[in-house]
Amino acid sequence: RSGTLLGCVSKRRGRTPVYFNANTCFSVRIQNNNHVVTTQDVSAIHQQSRGFIRMLDQGFEAYRTTLGKNPVHLTPGLCISIPILHQFYQIDMRERNMNLEIIAFTKDNVPVRVGATLFFRVEKPREACFAVSDYLSAVESMGTSALRSIMGTLEYDEIIADRNKINELLGQKIGNSINKWGIQCSRVEIQNFGPNNRDVERQLEKQMEAERDRRQQELNTKAQVNIAEGRKASAILESEGLLASNKNKAEADFALITRKADATKYKVKAETEALVAQVQQVSKTLNGNTPLAVEYLVSLQKVKELQSLANGKNHSVYFMQREDK
């Protein structure tokens, strides 16, 4: 059953004991008195069974070879597998994820620790079975290699600034590499990123702080320049507005004076024409004696003025020069 230890192979001295169950195969070796465990997915390796009937679950596909050749494609359900005669290769067709963690150097020689998650799925199980010996190990190797290569082409600040761009580059590079094995790279997501040691981290923090101060100073300088430009534009607009206002006022005064002058000219002309008409009329009555007509009109005007003085509120005594003929 799944999760139950089914057996142990080669426990003799000097050999590596191998333990396996229904889902996982792993080996334990003794190295410097320490147990080192190596695991491998059963779906990625050649499987053999002593039973004649095998159950292939949904989401899996398999290939069965007879004496190492003539592979037959098997779909989920009951499958016949004769021991020794048949060899069974099972592939998980579901989308899977693989965690990648490496230590790399950026373009500006900063040691960084990068952790990413690779999502992939098998599109062509035949190529995954027969084009590569262990597609999981190959995908992991290709993913770490591509991740290290991409990190080496970018500077530290570029990696921090735009992770989406790096995810796209990784997806394209890994996808193009593993496509020949019938595997499709869905996407790559960088989970964590940072300097490899504390000294580099403190140095980068100081560098980033200095960069932030520099950008802040640039922003303050630009703000002051914008304020000065705004004041300059305001002064120019104000002076232009004052000039336009004075110009309009001068034009208005000129138009007013011109109209007053025209009115006075018209008034004088009208009065002159009326006076000339009166002189001509009186002169005609006096048989063409123009000087006498003028004198008559002057005397008449004096009488009118004396009448106005007499009717006024200011009762005063006026002395007038007597004119004798």
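**Salt bridges**

I searched the whole structure for salt bridges and found 7. I counted one wherever a side-chain nitrogen of Lys or Arg lies within 4 Å of a carboxyl oxygen of Asp or Glu. A reminder to myself: side chains of opposite charge can pair when their charged atoms come close.

Before going on, I note that this is a predicted model, in which local features need pLDDT of at least 70 and side-chain atom pairs count only at pLDDT 80 or more, while totals for chains, interfaces and linings use all residues. Residues are numbered from 1 along each chain as its sequence is written, and side-chain values use heavy atoms, with hydrogens and water left out.

I looked up Glu-95 and found it in a salt bridge with Arg-187, with 3.8 Å between the closest N and O atoms. This pair links distant parts of the chain, 92 residues apart: Glu-95 sits in the loop between strand 10 (86–92) and strand 11 (96–105), and Arg-187 belongs to strand 13 (residues 183–195). For these elements I used DSSP runs numbered from the N terminus, helices being H or I with at least four residues and strands being E with at least two.

Are the two partners buried or exposed? I call a residue buried under 20% relative accessible area, exposed over 50%, and partly exposed in between (1.4 Å probe, protein chains only). Glu-95 counts as partly exposed because its relative accessibility is 42%, and Arg-187 is partly exposed too, at 40%.

**Helix 5**

Next I followed Glu-211, which forms a salt bridge with Arg-214 at 2.3 Å between the closest N and O atoms. The two are about one helical turn apart because 3 residues separate them in helix 5 (residues 198–285). Glu-211 is partly exposed at 26% relative accessibility, and Arg-214 is partly exposed at 37%.

Glu-211 also meets Arg-215 in a salt bridge, 3.2 Å from N to O. Those two lie 4 residues apart in helix 5, again about one turn of the helix. Arg-215 has 51% relative accessibility, so I list it as exposed. Which residues does the network join? Shared partners connect Glu-211, Arg-214, Arg-215 and Glu-218 through their salt bridges into one network.

**A buried arginine**

I then turned to Arg-64, which is in strand 7 (residues 60–66). Arg-64 is buried and has no salt bridge, and Glu-61, the nearest side chain of opposite charge, is 14 Å away. For such charges, Lys and Arg count as positive and Asp and Glu as negative, with His and the chain ends not counted.

What does the side chain of Arg-64 have beside it? I found the backbone oxygen of Ile-80 at 2.5 Å from one of its polar atoms. My rule for a polar contact is a pair of N or O atoms within 3.5 Å; within protein, one must be able to donate a hydrogen and the other to accept it, and residues adjacent in sequence count only if both atoms are side-chain atoms.

**Around helix 3**

A polar atom of the Asp-162 side chain lies 3.3 Å from the backbone nitrogen of Lys-165. Asp-162 is partly exposed, at 34% relative accessibility.

Asp-157 is in helix 3 (residues 156–161) and is partly exposed at 45% relative accessibility.

**Positive phi**

I checked the backbone as well, remembering that most residues other than glycine have a negative phi, and most peptide bonds are trans. Ile-84 is not a glycine, yet its phi is positive, about 70 degrees. Ile-84 lies in the loop between strand 9 (77–80) and strand 10, and it is exposed, with 81% relative accessible area.

Asn-109 is not a glycine either, and its phi is positive at about 60 degrees. I place Asn-109 in the loop between strand 11 and strand 12 (111–122), where it counts as exposed at 61% relative accessibility.

**One more side chain**

Last, I looked at Met-55, which is in strand 6 (residues 53–56). Met-55 is exposed, with a relative accessible area of 55%.
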